[in-house]
Amino acid sequence: MNFDTLLPVGIVLTSLLAGGFIFLVKEESHVLRGVLNLSGAIVKLLLVGVMIWGVYHGHVYEARWTLAPGLELVLQADALSVLFVTLSSVLWLVTTIYAIGYLEDSPNRSRFFGFFSLCVSATVGIALAGNLLSFVIFYELLTLATYPLVAHRGTAEATRGAKIYLAYTMGGGVLLLIGAIWLHVLTGPVDFVQGGVLSGSAPALEGQLIAIFVLLLAGLGVKSALIPLHGWLPQSMVAPAPVSALLHAVAVVKAGAFGILRVVYDVYGVAYASSLGLLTLLGILASTTILYGSIKALSQDGLKKRLAYSTVSQVSYIALGASILGPIATVGGMVHLVHQGIMKITLFFCAGNYAETLGIHHVSQMDGVGRRMPWTTLAFSVGALGMIGIPPIAGFVTKWYLGLGAVEANAHWVLLILAASSLLNAGYFLPILYRAWFRPPPEVWPAEHLHAGRFETQGTLLWPPVITAALCLIAGLFAAAPFSPLEWAQLIARREHGL
Amino acid sequence: MLDSLALAVTVPLLAALLVTALPGRVQTLGVIGAIATALVSLRVTVQVWQHGSLRSDPGGWGAPLGLALQADGLSAALLAMAALVALAISVYATGYFREGERRLHFWPLWFLLWSALNALLLAADLFNLYVTLELLGLTAVALGALTGQREAVAANLRYLLVGLLGSMTYLLGVVLLYAAYGTLDIGLTGAAIRPGPVASAALVLMTGGLALKAAIFPLHFWLPPAHANAPAPVSAVLSALVVKAAFYLILRLWLDVFGAIVTPAAAGLLGLLGAAAVIWGSWRALRAERLKLLAAYSTLAQIGYLCLFFPLLQATPEGPARDDLLAALVLMAISHGFAKAGLFLAAGLVQHSAGHDRIDELGGTAQHLPATTFTIALAGTTLIGLPPSGSFIGKWILMTGAIATGQWWWILVILIGTLLAAAYVFRVLSRAFNEAPTPRRFVTQASTEVPALLLALTSAVVLGLGAQLLWRLMGFGVVA
C-alpha cells in the first residue's frame with residue numbers, strides 16, 4: 001500500500017464514508033450533516049487536484065483487488081478518467097451546497113444526502129474503473145444509489161417515475177452484463193487501455209465482437225438516453241431539482257456517455273471499431289437522437305421536461321464525437337462531457353430556483369422573470385446560449401471541434417446535423433429568454449415562497465448557478481489555457497490516437 | 001486434545017440441555033450457547049483454512065463402520081455460514097421472543113437443530129447423514145409450528161410428511177449402495193461405485209428424496225406455506241440453512257459418491273428443473289401478496305440457480321474453470337443464506353411494526369423503519385445478483401461457464417430470473433417510499449435490527465469483495 005494505490009481508493013471512499021455516516025445522522029442535526037457533506041466533498045476535491053497534477057505528469061495511479069481468480073476490481077487514473085472525476089467532484093460540491101439550501105425544512109434529509117453521496121461514489125468509481133468488470137460494478141451501483149433519489153418525494157408520481165427509471169436501467173444493465181461476460185470469455189479480463197485492446201483480434205471473431213458491441217451499446221445507451229432507450233429520462237423529472245441536476249449533468253446520463261467513450265476508445269479502439277463498421281451505427285444513432293431530442297423539446301411547456309429533452313439531444317454530441325474517426329472530433333466529444341455538464345447543471349439549478357422561489361414550473365409562466373430574478377435569469381441565459389453554441393460560451397467550443405473533426409474525416413453530413421441541431425436549440429431556448437427578459441411580469445407569481453431579501457432568493461440557491469454559469473464562460477473564454485477542459489481533451493485525444 | 005469436529009456437534013447439544021434445565025435464564029444461556037457454538041464451528045473452518053481437510057473418528061471404530069466426521073473446504077464454508085447466520089438469528093431471537101411461553105420452547109429446539117445441522121455438514125458416512133437429516137427435519141418442523149396457529153400447524157404437518165418421505169427415499173438409496181458395495185463411507189463408496197442399474201437406482205432415489213427436502217422444482221409445493229407461516233427467526237433458519245443442507249447433500253453425493261456415473265443427461269435434467277424453478281419461483285414471488293411469502297418463493301428461485309451449475313460442472317473438464325464454477329456455486333449458496341436470513345428477519349420486524357406483512361399496505365416503512373428497509377434493500381441486491389454482492393460474482397462465473405461450454409440458453413433463464421427478481425424486490429421497496437413523516441433515528445431496536453442488517457450487509461458487500469477467500473478455503477488455485 002502506497003500513496004499511488006491509496007489515492008484512487010481515497011477518492012471513491014471520501015463520499016462513500018461520508019454517505020455511510022450521513023445515514024446514521026439524526027434528522028434534526030443539520031450542522032453535523034452539513035459538515036459531513038461538505039468535508040467529504042472538499043477532501044475529495046483536494047485529492048482530485050493531486051491526481052490531476054500527477055496524471056498530467058505521466059504518473060500512474062492504480063489499485064487492484066482480486067475478487068476471484070481472473071476477476072479483479074481495478075481503480076486507475078488515466079487522462080479520460082481524470083476528466084470525468086474532476087467534473088463529478090466539482091459539481092458534487094456545488095450541488096451539495098445547492099441541495100442543502102433547496103431541501104431546507106423538507107423531510108428525510110439524512111436518507112437523501114446518504115444516497116446522494118453514494119451516487120457520487122458510484123460515479124467516481126465509474127470514472128476510475130480500470131477494466132470492464134469494475135465499470136459494470138459501479139454502473140449497477142449507480143442505478144441502485146439513484147433509485148431512492150428519484151423516488152425521494154414519495155408521491156405516486158415519484159414512485160411511478162422511479163419505477164420506469166428502474167425498468168429501463170435494469171434492462172440495460174443485464175444487456176451490458178451479458179456483453180461484458182461474453183467479451184470476458186472471448187479475450188480474458190478486459191482492461192481499459194488507451195488505443196484499445198481488441199485491434200489484433202482474429203477475423204473469425206469479428207461477428208461475435210460486433211454482437212458484443214451492440215449489447216454493450218444497448219446497455220450504455222439506456223443511461224446515456226440514446227433513442228429508442230431514452231424514455232425514462234423525461235419521466236424521472238419528478239425528482240427534486242438537485243437530483244435532476246446531478247442526474248442530467250454528471251451522474252447517470254454522463255455515466256452512459258462515458259461508458260460509450262470507454263468502449264469505443266479503450267476497448268475496441270476507435271480505428272478498429274471503425275473498420276468493423278460500428279462507428280457508422282453509433283453515428284446514426286447519435287445523430288437521430290440529437291435531432292429527435294431537440295424536436296421533442298420544442299413542444300414541451302414544462303420547463304424541466306424541456307430541459308430533459310434537451311439533455312437527450314445534447315448528451316449525444318459526446319457519442320457523435322466518438323463516432324467520427326479522427327483526433328479533432330475526439331476532442332469535441334470528450335470536451336462536451338464537461339461542457340454539457342456545467343451548462344446543463346446551471347439550467348437545472350435555475351429551473352429549481354424559479355420553482356422554489358416563485359412557483360414557476362412552466363415556460364408559459366416565465367414572462368418577465370428576468371426582472372424579479374435577474375441573477376438567476378442571467379445564469380440561465382448563459383447556459384441556454386451556450387447550448388445553442390454562441391461564442392464565447394463553452395458549447396461553442398464543442399460544436400467548433402465537432403465540425404472541424406467532421407471536415408477532417410470527410411463526414412460532411414455531420415455539419416448538417418450540427419446546423420440543424422443548433423437551429424432547433426435556438427428554437428426552444430430563445431423563446432424562453434425572450435419571455436424572461438422582454439415580456440412584462442405578471443401581477444402575482446404562481447406561488448411566491450421566498451420573499452426577496454438582500455438577494456432575489458436564498459444565497460445557497462443563488463450562488464451555485466452563478467458559479468457554474470461563470471464556469472461555462474471561463475471554459476469558453478480561456479479554452480486555450482493550461483488545464484482547461486479543452487486542453488485536457490486534447491491531451492486525451494493525443495494519447496488515444498497515439499500522436 | 002479436544003476433537004474440534006466433535007465439539008462442533010456436541011457444544012450445541014450441551015446448550016440444548018442447559019436451556020432445558022434452566023428455563024429461568026433461557027435468554028442469557030441462549031446467547032452464550034450461540035456464541036460458543038459459533039466459535040467451535042468457526043474453529044473448524046479456521047483449521048481447514050490452515051491445514052486442509054480434517055477427519056476424525058470419535059467412536060474409534062474406523063472406516064468402514066465408524067461414526068466418522070470430516071470437514072473439507074465445502075463443508076467448512078457452509079459451517080462458517082451456518083455459524084454466523086445462526087448467531088445473528090440467536091441475537092435477534094432474544095429480542096423477538098422477549099416474553100411468553102414460546103421462548104421456552106424455542107431455545108432447546110433451536111440448539112438441537114443447530115447440532116443436527118453441524119453434524120450433517122460434517123458427517124462422513126451415508127447412514128449418519130440419514131440420521132442427521134431426520135433430526136434436522138424433525139426439529140425444523142417443531143420450530144415451524146411454534147406459533148400454534150392453524151395455518152402453521154397444517155403447513156408443518158405437510159412439511160413433516162414430505163420430509164419423512166424424502167428421507168425414507170434417501171434411505172432406500174443408501175440401502176441399495178450398502179448391499180452392493182458393503183460400505184457407508186462416502187469416500188469408499190465413491191471409489192467403489194461402478195455404472196449399473198443399482199448405482200443408477202441409488203442415484204435417482206437419493207437425489208429424488210433430497211430434492212424433495214431441498215424443494216427443487218416441482219417438489220417445492222410444501223415450502224412456501226411452511227416458510228411463510230413460521231415465526232421470523234425460524235423462517236430465516238429454514239430458508240437460509242435447512243433447505244441449503246439438503247442441497248449440500250445432493251452436491252456432496254454428486255461430487256463424491258456418484259461422480260463417476262452421473263451422465264450429462266442427468267445433470268441436464270437437474271439444470272432444467274433449476275431453470276423452471278428460477279422462472280416459476282421468481283414469478284410467484286412477484287405475484288405474492290405477503291412479504292414472507294415473497295421471500296419463500298424467492299428461495300425456490302435461488303435454489304434453482306444453484307441447480308443450473310450441475311450441467312455446467314458436468315460439461316467442464318477438471319481444472320481451474322471447474323474449480324471456479326464449484327466455488328461460485330458455494331458462493332451463491334452462502335450469499336443467499338445470509339441474504340435470505342436477513343430478509344426474513346427484516347420481514348419479521350415489518351410484521352411486528354405494521355401488524356401484518358401485506359406488501360400493498362407497507363407504505364411508509366422506509367420512514368418508520370429505516371434500518372429495516374435498508375436491510376430489505378441490501379438483501380434484495382443479493383437476490384437480484386447486483387454488485388457488489390456475492391451472488392453477482394457467482395452469476396458472473398455461472399454465465400461465463402454457460403458461454404464457455406456453449407450452453408447459452410441458461411443465459412436467457414438467468415436474464416429473465418434477474419429481471420423478475422428486480423421486479424419483486426423493487427415492488428416491495430417502491431411501496432416503502434411515501435410521504436409519511438421522517439424517522440428520528442436510523443435504528444430503533446438494536447437487538448433485532450442490527451443482526452438483520454449485518455446479515456444483509458455481509459451478503460451484499462462482504463461476500464462479494466471477499467469472495468477470493470472462498471477459493472482459498474476450498475483449496476482452489478493460488479490467488480495472487
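Modeller: Of the 399 residues in the largest nonpolar core, the ones that touch the most other members are Leu83(A), Cys119(A), Leu142(A), Val85(B), Ala86(B) and Leu113(B). The element that gives the most to this core is helix H13 (residues 320-354) of chain B, with 20 residues. Helices (H or I, at least four residues) and strands (E, at least two) are DSSP runs, numbered from the N terminus.

Biologist: What makes a set of residues a nonpolar core?

Modeller: Its members are buried Ala, Val, Leu, Ile, Met, Phe, Trp, Tyr and Cys residues, joined through C-beta atoms within 7 Å. The model is predicted, and local features need pLDDT of at least 70, side-chain atom pairs count only at pLDDT 80 or more, while totals for chains, interfaces and linings use all residues. Residues are numbered from 1 along each chain as its sequence is written, and chains are lettered from A and ligands numbered from 1 in the order in which they are written.

Biologist: Which residues does Leu83(A) touch, not counting residues up to four places away in sequence?

Modeller: Leu83(A) touches Met334(A), Leu337(A), Val338(A), Trp488(A) and Ile492(A), where contact asks for C-beta atoms, placed from the backbone, that lie within 7 Å.

Biologist: Why are H3(A) and H9(A) called roughly antiparallel?

Modeller: Helix H3 (residues 79-102) and helix H9 (residues 241-249) of chain A pack at about 165°, with axes 9 Å apart; axes are lines fitted to C-alpha atoms, for helices over the stretch in contact, and angles run from 0 to 180 degrees between N-to-C directions. Angles over 145 degrees count as roughly antiparallel, under 35 as roughly parallel, 65 to 115 as roughly perpendicular and the rest as oblique, so H3(A) and H9(A) are roughly antiparallel. The contact of H3(A) with H9(A) has nine nonpolar, one polar and no charged residues, with Ala, Val, Leu, Ile, Met, Phe, Trp, Tyr, Cys and Pro counted as nonpolar, Asp, Glu, Lys and Arg as charged, and the others, Gly among them, as polar.

Biologist: What makes Asn108(A) and Ala215(B) stand out in the backbone?

Modeller: Most residues other than glycine have a negative phi, and most peptide bonds are trans. Asn108(A), however, has a positive phi of about 60°, and phi of Ala215(B) is near 60°. Asn108(A) is in the loop between H3 and helix H4 (109-128) of chain A and counts as buried, with 23 C-beta neighbours inside 10 Å. Ala215(B) lies in the loop between H8 and H9 of chain B and counts as buried, with 29 such neighbours inside 10 Å.

Biologist: Which residues does a cis peptide bond join?

Modeller: One cis bond joins Pro391(A) and Pro392(A), with omega about 5°, and Pro392(A) is found in the loop between helix H16 (374-388) and helix H17 (394-408) of chain A. Another joins Phe217(B) and Pro218(B), with omega about 0°, and Pro218(B) lies in the loop between helix H8 (197-213) and helix H9 (223-229) of chain B.

Biologist: How many residues of chain A are in contact with chain B?

Modeller: 31 residues of chain A are in contact with 39 residues of chain B. H6(A) gives the most to the side of chain A that touches chain B, with twelve residues, and by class that side has 19 nonpolar, seven polar and five charged residues.

Definitions and conventions
A residue is buried if 20 or more other C-beta atoms lie within 10 Å of its own, exposed if 12 or fewer, and partly exposed in between; C-beta atoms are placed from the backbone. Two residues are in contact if their C-beta atoms, placed from the backbone, lie within 7 Å.
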